[in-house]
Amino acid sequence: MPGWSEILEEIQAEQAKIEDAKKQNPQHPALFRLSGADVVRRKYLAEMATHTGRNVIIYASGWLQKSGLPADYIIVHPSDIDGFMEVVKSCDKTRPLDFILHSPGGSPEAAEQIVNYLRQKFSDIRVIVPNMAMSAATMMACAADIIMLARHSTLGPTDPQMTLRTNTGDRLIPAHALKADFEAAKVAAASKAYMAWAPILGQYPPGLLAQCTSALKLTKLLMKNWLKTYMFKGEKNAAMKAARIAKFFADDKHFTHGRPLMREQLRKAGLKIDDLETDGKLQDLVMSVYHATTHTLGGTFAAKIIEGHAGKGYFKQFVPPQLRPAAQ
């Protein structure tokens, strides 16, 4: 199976070909918009679709490659629906979809919009997680007919992250953690220890606790409805199974929002999971797509990629302020 370094070597070889072509055709604008990472990533997306006979879409962000990016560039965000509309229009909607998902999560409302859109377009969706699909991305995975995971793949707890503008910048804080803060402050209110909470609570906007409660209820409701409607469709006790799994993911017993929930644990919780290693060729193709995508995210200004096997793609880029052209 091609690893991270082998895919990098392939990208570098393709980049060398592009540089040679630029010298031969200096007036060809398409060559100057192309990179070796683009060639390799698109090659493996197309090969995967040929191997499975299914549509393929990857949705990935560079939160592991680029630290300090504004949250909107890497999380599941309402603007992502534009990318999905662009990519899906080139797909054959009579065929099922393989949805490769690599995301830290984000807005449950944005996840709901994306899931509703994809489910209107495709009657059969298999979500493939080559590494991590956390929080709202876990919710999206649970809207699949089946989830495919590797041994190292993880989903995560679904307590939503709230975006807070603090004195040190925007931060994503899990709803369970915020509620725990309020509870601790309430206990401290009976003593002078309350004063230590004053600067912290002073940064929280009015209505935040109610928003946390509502967001937690929403994530459980969406998970329950999607599992019942898709993964457990037509099964006896589908609603009960779905409710139990939704509660498992939303519970604060996982201790941290980023807790990795591994394949066997998820299978034991009741999810329908296929092992990626069962089909060696598919495993090679999925991981090649993933590695090529992470090289793109790590080596270019791309912060988020939504791309399909048919060549359509949507890229959200972040250019650091020091590299932006000076204002005229």
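This is a predicted model: local features need pLDDT of at least 70, side-chain atom pairs count only at pLDDT 80 or more; totals for chains, interfaces and linings use all residues.
**First stop: α5 and α9.** Please select helix α5, residues 108-121, together with helix α9, residues 208-231. The two pack at an angle of about 15°, and their axes lie 10 Å apart. Since that angle falls under 35 degrees, α5 and α9 are roughly parallel to each other. The crossing in which α5 passes α9 is left-handed. To view the contact itself, display Pro108, Glu109, Ala111, Glu112, Val115, Asn116 and Arg119 on the α5 side; their partners in α9 are Leu218, Thr219, Leu222, Trp226 and Tyr230. Sorted by class, this contact of α5 with α9 comprises seven nonpolar, two polar and three charged residues.

**Second stop: α4 and α5.** The crossing of α4 and α5 is right-handed. Select Asp80, Ile81, Phe84, Met85 and Val88 in α4, which meet Gln113, Ile114, Tyr117, Leu118 and Lys121 in α5. By class, the contact of α4 with α5 has seven nonpolar residues, one polar residue and two charged residues.

Next, select residues 238-250, which form helix α10. This helix has 13 residues and reaches 18 Å from its first C-alpha to its last, close to the 18 Å expected at 1.5 Å a residue. Which residues of α10 are buried? They are Ala238, Ala242, Ile245, Ala246, Phe248, Phe249 and Ala250. To see what these buried residues pack against, display α6 (136-141), β6 (154-155), α7 (175-188), α9 (208-231) and α11 (263-269).

**Last stop: Leu276.** Finally, centre the view on Leu276, in the loop between β9 (273-275) and α12 (280-299). Is Leu276 buried or exposed? Its relative accessible area is 0%, and because buried means under 20%, Leu276 is buried. Setting aside residues up to four places away in sequence, Leu276 touches Ile128, Met148, Leu149, Ala150, Arg263, Leu282, Gln283, Val286 and Met287. One of these, Met287, lies 11 residues from Leu276 along the chain, and the C-alpha atoms of the two are separated by 9.9 Å.

Methods:
Residues are numbered from 1 along each chain as its sequence is written. Side-chain values use heavy atoms; hydrogens and water are left out. Helices (H or I, at least four residues) and strands (E, at least two) are DSSP runs, numbered from the N terminus. The expected span of a helix is 1.5 Å times one less than its number of residues. Buried means under 20% relative accessible area, exposed over 50%, partly exposed in between (1.4 Å probe, protein chains only). Contact means heavy atoms within 4.5 Å. Axes are lines fitted to C-alpha atoms, for helices over the stretch in contact, and angles run from 0 to 180 degrees between N-to-C directions. A crossing is left-handed if the near helix is turned anticlockwise from the far one by less than a right angle, and right-handed if clockwise. Ala, Val, Leu, Ile, Met, Phe, Trp, Tyr, Cys and Pro count as nonpolar, Asp, Glu, Lys and Arg as charged, and the others, Gly among them, as polar. Angles under 35 degrees count as roughly parallel, over 145 as roughly antiparallel, 65 to 115 as roughly perpendicular and the rest as oblique.
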